[in-house]
Amino acid sequence: MAAALALAARGRGRTAPNPNVGCVIVRDGRVVGRGWTQPGGRPHAEAMALGEAEEKSRGATVYTTLEPCAHQSARGPACATSLIAAGIARVVSAITDPDPRTDGAGHAQLEAAGIAVTPGVLADEARRAMAGFLTRQALGRPHVTLKLATSLDGAIARADGESRWITGPAARAHAHLERARHEAILVGRGTWETDAPALDVRLAGLEARAPRRIVLSSRHPREGGGDEVAWINAPSEIASLPGVDHLLVEGGAGAASAFLAADLIDRLLLYRAPILIGGGLPALGDIGLTSLADAHGRWRQTDARQLGSDRLEVYERG
């Protein structure tokens, strides 16, 4: 299942509105098929793995990060049907598909065909891997990650606005990898007009995975914004962004504060450089906190690592 989850990560940010699923087929202790959801959502991971395994699928065990779909589609057959036809003996899944068209029906079809089903393997890891799809299903909006790059004293720039560069090359490369894992990236109007950020992916081989660009502004966009940039007036409007299940909020303090105040942040990426600025621009403004007690228990750390001289900490909703 860990291998299937690694495959699922390959599709993150490219499969919406479908989930980024990973699948591994094992027979006689050997991997005979691997698959992950392809860009645009098809083929599904199971279909790709079955295509690689071919006749070796008969009597094999399938490890899939999400319950095989049970609903037919004009774009392809249901994965549960395909697994039954291939003669699979056992299916091990991480989580049940919350899509009401499946939601347990896939497992039920497999069991009715005499296939052993083992659900719930590495479920927490799978929920994290497919957070975009699951958030869209549960809350009707994208999964939102807020990225902050700060000094030790919490500044994102000098008082005059100079911010290049607070973090070093290793941290910036990691941030570009995160961009490649999101369908869209958002900045505030001030950042857009002051810094004119490219918001692209500058990593060899991943340049084509640059996310769509979104600008948050309470006013209408100025002339010349360009068709390649989408503008929204409030954080709540992210629910209507088509084809976006993973949104990265990257700057500046106003946009970050607005999303936190709206309780729309699911994950924090905090890059911290070993520098002191003093009197710099703070990372956040008012986020609507009315009591210090309300700030506790909100976030739990899920990862921490050193990136060159900088420190990365990852937090998720508590």
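I began with Arg305, which is partly exposed in this predicted model, its relative accessible area being 36%. I then looked for a charged partner and found that Arg305 forms a salt bridge with Asp303, where the closest N and O atoms are 2.6 Å apart. Asp303 also counts as partly exposed, at 25% relative accessibility, because the partly exposed class begins where the buried class, under 20%, ends.

Next I looked up how salt bridges can share partners, and I noted one network that joins Arg141, Asp263, Asp266, Arg298 and Arg317. For the structure as a whole, I wrote down a total of 21 salt bridges.

I turned to Glu228, which is paired with Arg213 in a salt bridge whose closest N and O atoms lie 3.3 Å apart. Where do the two residues sit, in a strand or in a loop? Arg213 belongs to strand 9 (212–216), while Glu228 is in the loop that runs between this strand and strand 10 (229–232), so the pair ties together parts that are 15 residues apart in sequence.

My last entry concerns Arg27 and Asp28, whose side chains meet in a salt bridge with an N to O distance of 3.8 Å. Arg27 counts as partly exposed at 32% relative accessibility, whereas Asp28 is exposed, with a relative accessible area of 72%. I placed Asp28 in the exposed class because that class holds values over 50%.

How values were computed. Residues numbered from 1 in each chain as written. Predicted model: local features only at pLDDT ≥ 70, side-chain atom pairs only at ≥ 80, totals over all residues. Heavy atoms only, no water. Salt bridge = Lys/Arg side-chain N within 4 Å of Asp/Glu carboxyl O. Buried < 20%, exposed > 50% of the residue type's maximum accessible area, 1.4 Å probe, protein only. Helix = DSSP H or I, 4+ residues; strand = E, 2+ residues; numbered from the N terminus.
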